[in-house]
Amino acid sequence: MNKKKIQDLKYSTVQFERALLAIDRTTAERIISEFKNDPDRMQIISELVTNALENIGNAWEEGKVALSQVYMSGIICEELIDKLFSSFGNKQINNPVIAIAVFEDFHVLGKRIIYSTLRAGGFNIIDLGNGLSAETLVKEVKEKSIKILLLSVLMLPSALRIKQLNKLLTGIDVKVIVGGAPFRFDDRLWIEVGADATGKDPSETLKIVTKLVGEIK
Amino acid sequence: MSSMERVITTLSHKEPDRVPLFLFVTMHGAKELGISIEEYFSNADNVVEGQLRMQKKYNNDCIYAFFYAALEIEAFGGTVNFLEDGPPNAGLPFIRNFDEIPNLQPPKVKDSKPLHKVLTAIQKLKEYVKEEVPIIGVVMSPFSIPIMQLGFDKYYDLMFFHEDLFDRLMKVNEEFCVDWANAQLEAGATAICYYDPVSSPTIIPRNKYLSTGFKTAKRTIARIKGPTATHFASGNSLQIIDDVSQTGTAIVSASTFEDIVLIKKACRDKLTVLGNLNGIEMRRWTSEIANQNVRNLIMNAAPGGGFILSDNHGEIPFQVPEEVLLTISEAVHIHGRYPIEL
């Protein structure tokens, strides 16, 4: 990208971020569509979306924006990416098998936020559902050859039982990334339960997944 | 001073004999009685016995008449899933479709068996503690209970894009909440803890709060015939402290992620601060860490009164060992004597 394009992208990212925080789908789509005829459109749009989501995720972590804004931003970006990329005739990243689930409990919001952020970041993700037991997850990992398993929990007991799940996954080639309130309030809990990583917010999770995908490839 | 005198003094922004301690222990009562959480909450007498034992054991300055949040969902006809080692969870949301909202009616407290267990427990607890120890009743705010009624994602959808249905749901929930809070006060509760996590800036931006949760809280709290504490269940509160003080509440919770000094400053002479030990981390605290955390918190928040020490969520996890709770209590009794030694 040349210097002017980089400057344009920076400006558009700020505008796009503002539109997302205001839940203004129309403006968000207009901004992103300005790049649809650019020869580097895939790279530019991906960068714009992931940068904006990263900034919003960081702002939430710092207490500057609310969860509703993180959630809505992810949903809007996912919709826009799906719409634009399918109109370009492009497929998403052909990544190793990545799956996401709510472990044991039924609090779906965290999973939904991560799912939409990763989809907006260009990854294909299998949504395994909610309230899954350790046994079901092990079966899914084996059957679907899952290489990255993202687990979302809200309740502390569910978070603690990920330890048992990880024992059952011993010897299987899969990376487990955990997230949810218990892991935010106790920054050592992910190590205690034997996870490979934790994402404090959607942007951190996106970075972790991007890095792991690079390593696996 | 009795616990009641201690709490009333701090609420008037004066220094009592020591910092009041509100250890929000619920499920630990089942451990005390050696029974399952499900069995414990099935009978008011269990909760009475559990709360009385824990109040003595931890020198707690309150009786916490809270069973579990999903109890209110049972009153609406929803289901509850009991766990062996955690708070009972609401089952799948009972409002499956927004079309059901116009016909939704507030449950009658007098007709609800689950709610009656709580009222019976409060009545019996009051006979024991009289005016010596405050009894804290609990309601889910009309603005926050929809997370369990609808699910979080659908509730965001309702709140942001379906204003009429949102208003209708608030009306139903407000009627129930006021009725439920006043029934607990009538049964003997001293004050009501108004759980309102969705109003926290962690969950919605302040401008949205001002047009939704704030108005709901103002209307609801005005009709509750007793003092209230507004609790954001681990959520941040600093950005909206001034707004919260206008809802008529007396106490506000602080998140463990927030600077307690800033919260205390923002609340000065307007609100009493409740908080903000990290309940999740508490599970693995050593005695030394527990003692240090309590001491730091007291030094930063206790001078001048207007402060009650508690966890930041409003419920101590089942996994927190008794030894940690005893250490926290001891530390409050040692470091919390006024005047605070800085």
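User: Hi! Is B:N182 buried or exposed?
Analyst: Hello! This is a predicted model, and in this model B:N182 counts as buried because its relative accessibility is 13%, under the 20% cut-off.

User: Which helix is B:N182 in?
Analyst: B:N182 sits in helix α9 of chain B, residues 163-187.

User: And what is B:N182 in contact with, leaving aside its neighbours within four places in sequence?
Analyst: Its partners there are B:R223, B:I224 and B:K225. With B:R223, a polar atom of the B:N182 side chain lies 3.1 Å from the backbone oxygen.

User: Switching topic: how many residues of chain B are in contact with chain A?
Analyst: On the chain B side there are 28, in contact with 29 residues of chain A. The area buried between the two chains is about 2400 Å², and carbon and sulfur atoms give 64% of that.

User: Which three residues supply more of chain B's buried area than any other three?
Analyst: Those are B:I280, B:R283 and B:R284, which supply 23% of the area that chain B buries against chain A.

User: How many salt bridges are there across that interface?
Analyst: The rule finds four. One of them joins the side chains of B:R283 and A:D186, at 3.7 Å from N to O.

User: Which helix gives the most to the side of chain B that touches chain A?
Analyst: That's α8(B), with five residues.

User: Last one: how many residues does helix α3 of chain A have?
Analyst: Helix α3(A) has 21 residues, 41-61, and reaches 30 Å from its first C-alpha to its last. Its buried residues include A:I44, A:L48 and A:W60. Just after the helix, A:G63 takes a positive phi of about 75 degrees.

Notes:
Residues are numbered from 1 along each chain as its sequence is written. Chains are lettered from A and ligands numbered from 1 in the order in which they are written. This is a predicted model: local features need pLDDT of at least 70, side-chain atom pairs count only at pLDDT 80 or more; totals for chains, interfaces and linings use all residues. Side-chain values use heavy atoms; hydrogens and water are left out. Helices (H or I, at least four residues) and strands (E, at least two) are DSSP runs, numbered from the N terminus. Buried means under 20% relative accessible area, exposed over 50%, partly exposed in between (1.4 Å probe, protein chains only). A polar contact is a pair of N or O atoms within 3.5 Å; within protein, one must be able to donate a hydrogen and the other to accept it, and residues adjacent in sequence count only if both atoms are side-chain atoms. Contact means heavy atoms within 4.5 Å. The expected span of a helix is 1.5 Å times one less than its number of residues. Buried area is the accessible area (1.4 Å probe) that two parts lose on being put together, summed over both.
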